[in-house]
Amino acid sequence: MGEGAGAVTRQRLALLVPAFNAAPFLPRLLASAAGQTEPFDEVWVYDDASTDDTAAVAAAHGARVVRGEVNRGCSFGKNTLAERTACEWLHFHDADDALLPGFVASAREWLREDGPDVVLFGYEERGHEDGALFSIRRYDDGALRRDPLPYILRAQPVSIAGIYRRSRFLQAGGFDLDPAVLYHEDVAMHCRLALAGLTFAADERVTVVNYRRRASMSSGNPIPCLRAQYALARKVAAATGDRCRRELAERLWLTAAGAAAYLDWVTADAAATLAHSLAGAVPSAGGPLFRTLCRLSVRAALRCREVGIRLSRPSLRRDYPRLLGKVTSGA
């Protein structure tokens, strides 16, 4: 199992950070961890075969470092650290984000045998360059306690806002290592935990900062993210049947619209077709013309809407990369 195996204690909390070429970002995160009003019991960084000084920077800030010889992705790194730590409670954090000073103190209030297995906290979204506040997000405690899976599909929670009971997390399989869902790994993991029967709750206190930057894994890879959303929806649909068909269909229509915006018609058509099979041809959102066209042909409706957007509101697509030749058109 790794360091600390057999010595798991019930009330300890570990910070686990997957990192690839993260030397410029780790000082901010690890400084925010060191500045907690109550300390983490362990701080770990998984260096995913970085070509910069990620490992040295992490060690200089007091983290225990596990070095990967081959780049395996953030999900592999998170699972590896979850197996290494001796703490029963886990908090995963991205190297380019940060913690507010009261995170650990707030989290410790939930570290109980009889409490939920997963707790999601509120978080801020800020600009990476200037720190400007974009939004504050909180999760719905009642919805998570009643039935976490449909709420997860609607809310798309991030792991940097959560704490996880290690024993139950590992029993459920941890992060899904399927390459098809790598770019949607947080939601895939939360779906896996919900399907395994873990219990969820939410704490409205804002304790985390999510920094937006253009070159991040998600914002820098929109097409892989959309394809991963579709792949996860297929997995959940296969596992649940009719249980979450409306939530899945709503998410799939958003995926189809996003893929169409990037001219990835293969993903757009596949997502819309699956949405149709789950909850009928007409989406719950969209203008009357689009909904009418969906009754005739989903493929035609998606293309007509995208042409209309590009003709009437070209500014909405002006910043999109030129993707012709980079994705399969399927037109």
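Guide: Helices (H or I, at least four residues) and strands (E, at least two) are DSSP runs, numbered from the N terminus. This model is predicted, so local features need pLDDT of at least 70 and side-chain atom pairs count only at 80 or more, while totals for chains, interfaces and linings use all residues. Residues are numbered from 1 along each chain as its sequence is written, and side-chain values use heavy atoms, with hydrogens and water left out.

Visitor: Why is helix 6 called largely enclosed by the rest of the structure?

Guide: Buried means under 20% relative accessible area with a 1.4 Å probe, protein chains only. In helix 6 (residues 148-155), 7 of the 8 residues pass that test, so the helix counts as largely enclosed. They are P148, L149, P150, Y151, I152, L153 and A155.

Visitor: What covers those buried residues of helix 6?

Guide: Going by contact (heavy atoms within 4.5 Å), the cover includes strand 7 (133-137), helix 5 (141-146), helix 8 (185-195), strand 9 (200-212), helix 9 and helix 10. Just past helix 6, Q156 has a positive phi of about 55°.

Visitor: What makes a residue part of its lining?

Guide: An atom within 4 Å of a point. For the largest cavity, L153, Q156, H184, Q229, L232, A233, L248 and R251 qualify. Helix 9 (222-240) and helix 10 (245-261) each give two or more, with helix 9 providing the largest share, 3 residues.

Terms used:
On a 1 Å grid over the protein atoms alone, a cavity is a set of points where a 1.4 Å probe fits but cannot get out, and a pocket is an open set with protein on both sides within 12 Å along at least five of seven lines; lining residues have an atom within 4 Å of a point. Buried means under 20% relative accessible area, exposed over 50%, partly exposed in between (1.4 Å probe, protein chains only).
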